[in-house]
Amino acid sequence: MTTAEWIGNNAWVIWLALFLLLAIIEMLSLDLYFIMLGVGALGGVAVALLDGPVWLQVVVFCVVSLLMILLVRPLAVKHLRKSPEGFRTNIDRLIGKDALILEPTSRLSGSAKIQGEIWTARAEANVPTMMPGTYAIVSRIDGATAYLENAPQKPEA
């Protein structure tokens, strides 16, 4: 038996191996392209098991892969990236929280303790320098810097 005959008789093994390889690559990349190609390879397995010619196996692989990439992947990506209404990331949750000023904080420098972590802090443009030991409110986060506003004054009882 020649190599070409073996490949013709066992093409499903090659398609299955291609599927497994593409699935492994997808696990490493997580971009949903390789798994779509893997589904196309499963189409090639199906045609090979039905004793279809190699050219038909390749055509089915290409068509199924293309349809998966154009039709299924956009829906899958949209579903994966959808977050619940009002969902905020860990950084977004810090906005509005109290910040204990640790060193004089101005528009140019400073630091503050926010929920147990020490952050590089800056005062917003309209806020005067804040002194250590006072509290401020996180107005926004830019990179690893928290921007602070003066905390509202609480009426004395």
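Student: Is Ser-65 buried or exposed, and what is its relative accessible area?

Tutor: Ser-65 is buried, with a relative accessible area of 4%. Buried means under 20% relative accessible area, exposed over 50%, and partly exposed in between, with a 1.4 Å probe and protein chains only. Keep in mind that this is a predicted model, in which local features need pLDDT of at least 70 and side-chain atom pairs count only at pLDDT 80 or more, while totals for chains, interfaces and linings use all residues. Residues are numbered from 1 along each chain as its sequence is written, and side-chain values use heavy atoms, with hydrogens and water left out.

Student: Where is Ser-65 found, and which residues does Ser-65 touch?

Tutor: Ser-65 is found in helix 4 (residues 54-81). Helices (H or I, at least four residues) and strands (E, at least two) are DSSP runs, numbered from the N terminus. Contact means heavy atoms within 4.5 Å. Leaving aside residues up to four places away in sequence, Ser-65 touches Met-36, Leu-37 and Gly-40. The side chain of Ser-65 also reaches the backbone oxygen of Phe-61 at 2.8 Å.

Student: Now the helices: how do I read a packed pair?

Tutor: Two packed helices are described by the angle between their axes and the distance between the axes. Axes are lines fitted to C-alpha atoms, for helices over the stretch in contact, and angles run from 0 to 180 degrees between N-to-C directions. Here the axes of helix 2 (residues 11-29) and helix 3 (residues 34-49) come within 8 Å and cross at roughly 170°. Helix 2 and helix 3 are therefore roughly antiparallel to each other; the cut-offs are under 35 degrees for roughly parallel, over 145 for roughly antiparallel, 65 to 115 for roughly perpendicular, and oblique for the rest.

Student: Which residues of helix 2 meet helix 3?

Tutor: Among them are Trp-12, Trp-15 and Phe-19 in helix 2, and the helix 3 side includes Phe-34, Leu-42 and Val-45.

Student: And the strands: in what order do they close into a barrel?

Tutor: Two strands pair if DSSP finds at least two bridges between them. In this model, 5 strands close into a barrel in the order 1-2-3-5-4, with mixed pairing. Strand 1 (residues 98-103) runs antiparallel to strand 2 (residues 111-114), joined by 3 bridges. Ile-101 stands opposite Ala-112 in strand 2, and Glu-103 has Ser-111 as its bridge partner there. Strand 1 and strand 4 (residues 135-142) are also antiparallel, over 3 bridges, and Leu-100 has Tyr-135 in strand 4 as its bridge partner.

Definitions and conventions:
A polar contact is a pair of N or O atoms within 3.5 Å; within protein, one must be able to donate a hydrogen and the other to accept it, and residues adjacent in sequence count only if both atoms are side-chain atoms.
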